[in-house]
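Have a look at the sequence and the fold before you read on.

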Amino acid sequence: NNTVEVYLDNLLPNPSFENWVNDVPLSWRFLNTKYFNIFKSDDAIDGNWSLGISAKTTLEKQWSWIFSEPIKVEEGKKYLVVITLKSVNTYGTHVKIQGYNIISHKWRDLAFIARKVQDTTRWNTFYKVFRTYNISHIRLVINSGWLRDTSRGEALTLVDRVGVYLSLIHI
């Protein structure tokens, strides 16, 4: 029985939402303040805090639009993205990877890490390995979904232990 431990450098700043300024986690941008609130949650699996996202809207396809700081990547390399979350009383919660295309000079969706996460009272970890082509930077987009059942209170998504790593996995 052989065990191999591999330690990788996380390329993402503030991956466990430990550092905050003015009620916003450092290295993350929060765009939809109309329908969503973010907060420091002490329900964490890595460190003292996780990112809490709450919503009161039942309007479909309303997303929280929380962006990580862009991360420089190397052409043709494989990357591993990991995120741990739970989402209660929501519809459509998802996390995706976007890449900045060096030809079109636009951000575009590359892959989903988690799709349609709803009513998970336990922490769930999602993984995605992908290769970069014509991409100079990537960013993660956390989209908490809209309220599922008003009688159950707010929609709630918690996010912790996020990582972007140069991958050692062959695909």
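1. Ground rules. This is a predicted model, with local features needing pLDDT of at least 70 and side-chain atom pairs counting only at pLDDT 80 or more, while totals for chains, interfaces and linings use all residues. Residues are numbered from 1 along each chain as its sequence is written, and side-chain values use heavy atoms, leaving out hydrogens and water. Strands are DSSP runs (E, at least two residues), numbered from the N terminus.

2. D160 sits in strand β15, residues 155-166. D160 is buried but has no salt bridge, and the nearest side chain of opposite charge, R161, is 6.6 Å away. Buried here means under 20% relative accessible area, exposed means over 50%, and partly exposed is in between (1.4 Å probe, protein chains only). A salt bridge needs a side-chain nitrogen of Lys or Arg within 4 Å of a carboxyl oxygen of Asp or Glu. As for charge, Lys and Arg count as positive and Asp and Glu as negative, with His and the chain ends not counted.

3. What does the side chain of D160 reach instead? A polar atom of that side chain lies 2.9 Å from the backbone nitrogen of I45, and the side chain also reaches the backbone nitrogen of D46 at 3.0 Å. Beyond its neighbours within four places in sequence, D160 is in contact (heavy atoms within 4.5 Å) with residues including P15, S16, F17, W49 and W123.

4. The largest nonpolar core has 33 residues, and L51, I142 and V159 touch the most other members. Such a core is a set of buried Ala, Val, Leu, Ile, Met, Phe, Trp, Tyr and Cys residues joined through side-chain atoms within 4.5 Å. Among the strands that each supply at least two of its residues are β5 (50-55), β8 (78-88), β13 (135-143) and β15.

5. Which strands cover β10? β10 is largely enclosed by the rest of the structure, because eight of its nine residues are buried. β10 runs antiparallel to β11, with eight bridges joining them, and antiparallel to β13, again with eight bridges. (Two strands pair if DSSP finds at least two bridges between them.) For landmarks, I97 has A111 as its bridge partner in β11, Q98 has R139 in β13, and G99 stands opposite I138 in β13.

6. Eight of the nine residues of β13 are buried. β6 pairs with β13 in the antiparallel sense over two bridges, with V141 as the bridge partner of F67. β7 (residues 71-72) likewise pairs antiparallel with β13 over two bridges, and there I138 is the bridge partner of I71.

7. How many salt bridges are there? The count comes to three. D43 and K86 make one, with their closest N and O atoms 2.8 Å apart. D43 is in the loop between β4 and β5 and K86 is in β8, so this pair ties together parts that are 43 residues apart in sequence. K86 is buried at 11% relative accessible area, whereas D43 is partly exposed at 30%.

8. The other two pairs. K56 and E154 form a salt bridge with the closest N and O atoms 3.8 Å apart. K56 lies in the loop between β5 and β6 and E154 in the loop between β14 and β15, so the pair ties together parts that are 98 residues apart in sequence. K56 is exposed at 61%, and E154 is partly exposed at 37%. K96 meets D109 in a salt bridge at 3.2 Å, N to O, linking strand β10 to strand β11 across 13 residues. K96 counts as buried at 8%, while D109 is partly exposed at 42%.

Definitions and conventions
Helix = DSSP H or I, 4+ residues; strand = E, 2+ residues; numbered from the N terminus. Polar contact = N/O pair within 3.5 Å; in protein donor to acceptor, adjacent residues only side chain to side chain.
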